[in-house]
Amino acid sequence: MENKQATILIVDDEPANLRVLKQILQQDYRLIFAKGGQEALRLAHDKKPNLILLDIMMPDITGLEVCKQLKADPVTTKIPVIFVTALNDHDDEAQGLELGAVDYITKPVSAPVVKARVATHLSLVQADELRRTRLQVIQRLGHASEYKDNETGMHVMRMSHYSQVLALAYGFSEQRADDLLHAAPMHDLGKIGIPDSIMLKPGKLTDEEFDVMKTHPVIGAHILGDDDSDLISLAKVVALTHHEKWDGTGYPSGLAGKDIPVEGRIVAIADVFDALTSVRPYKDAWSIERAVELIQNESGKHFDPELVSLFVQELDKMLEIKQRWKDE
């Protein structure tokens, strides 16, 4: 969001205060003005500004009530609100922040302070919007890969949530585990590049056909490319490494042990567990017990032994996810 494209709603019942803020901000932003709370609510809903500067003491309804209503409305709930007020009461400040305001500016306002606070919060809005856009792109690419596979959208949902649970158990932060949740659907993106004659073959693949199938991690990584987005970079790692095996017998690179990125090791278990326990055109679903036994038997061979232990430890959560996202 370039500054010139950002719209700011300024709310104050005193025309002099509106003029001061207009003088400070008009060169850098599009400005709209409201002289009361009701007018502010209407303009916020209709114009959807990028930021709201809001007075507290107004004759019709207070800024605190306006903020409360803005946050209760799905259309305006994400618009950041900065209170601009002569009040210097910590209770009012605390109440405003509890209602969802992001900052306070005290009157009489300082031009450098106003410009700095506004720029800071608009940059945060820009970062959030960029992340949402990238996430939407990743989700749509994930849906695209489902069209080339016998697997269902529910498989993608389940294995992504299994991966998140395992990541948290391994010690990931909430944010990092959430990133893996959103990157995991990209694990088989490269299957878009595999011929239908192989992807949709009902029987067992020949050795030559399987060699072609084994190129899908590299194809997926190539599609995702080199991007400065942490989320897309993580999706690339997952796509490229989820078929590597702990003992070095996997593909495409024959990585072994902790040379395999932990995200790839996590997704490997999540993907296999869901594939085993789901119906496919070529097989019946395995029982939970049989699938867990195979995963335990593959500890130190296909799978990271520490992650296998954590998987068994978190099995109840996995089964809740399996029930929540069951195939129709």
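Modeller: Let's take it by topic, beginning with a strand. This is a predicted model, so to speak with care: local features need pLDDT of at least 70, side-chain atom pairs count only at pLDDT 80 or more, and totals for chains, interfaces and linings use all residues. Residues are numbered from 1 along each chain as its sequence is written, and side-chain values use heavy atoms, with hydrogens and water left out.

Colleague: Okay, strand β1: how many of its residues are buried?

Modeller: Five of the five, residues 7–11, so β1 is largely enclosed by the rest of the structure. Buried means under 20% relative accessible area, exposed is over 50%, and partly exposed is in between (1.4 Å probe, protein chains only). Strands here are DSSP runs of E with at least two residues, helices are runs of H or I with at least four, and both are numbered from the N terminus.

Colleague: Which way do the β1 side chains point?

Modeller: Thr7, Leu9 and Val11 go one way, while Ile8 and Ile10 go the other. In a regular strand, side chains alternate between the two faces of the sheet.

Colleague: And which strands does β1 pair with?

Modeller: With β2 (residues 30–34) it pairs in the parallel sense over five bridges, and four bridges join it to β3 (residues 51–54), also running parallel. Pairing takes at least two DSSP bridges between the strands. Val11 sits opposite Ala34 in β2, and Ile10 sits opposite Leu53 in β3.

Colleague: What do β1, α1 and β2 make together?

Modeller: With helix α1 being residues 15–25, they make a right-handed β-α-β unit. Right-handed means that, with the strands pointing away from the viewer, the path from the first strand over the helix to the second runs clockwise.

Colleague: New topic. Where are the cis peptide bonds you mentioned to me?

Modeller: One goes from Lys107 to Pro108, with omega near -5°, and Pro108 is in the loop between β5 (103–106) and α5 (111–146). Another joins Tyr251 and Pro252, with omega about 10°; Pro252 lies in the loop between α11 (230–241) and α12 (262–276).

Colleague: What about Lys48, what's its phi?

Modeller: Near 50°, a positive value in a residue other than glycine. Lys48 is in the loop between α2 (37–47) and β3, and it is partly exposed, at 48% relative accessible area.

Colleague: Switching to rings: how many aromatic pairs are there?

Modeller: The search of the whole structure finds five. Rings of Phe, Tyr and Trp (its six-membered ring) pair if their centres lie within 6.5 Å; planes under 30 degrees apart are stacked, over 60 edge-to-face, and the rest tilted. Phe83 and Tyr104 have centres 5.3 Å apart and planes at 45°, so that pair is tilted. It links distant parts of the chain, with Phe83 in β4 (residues 81–85) and Tyr104 in β5, 21 residues apart.

Colleague: Are those two buried or exposed?

Modeller: Phe83 counts as buried at 0% relative accessibility, and Tyr104 counts as buried at 10%. Then there's Tyr162 with Phe273: centres 5.4 Å apart and planes at 65°, so that pair is edge-to-face. Tyr162 is in α6 (residues 153–170) and Phe273 in α12, 111 residues apart.

Colleague: Which residues are in the cluster with Tyr162?

Modeller: Ring pairs link Tyr162, Phe273 and Phe311 into a cluster. Both Tyr162 and Phe273 are buried.
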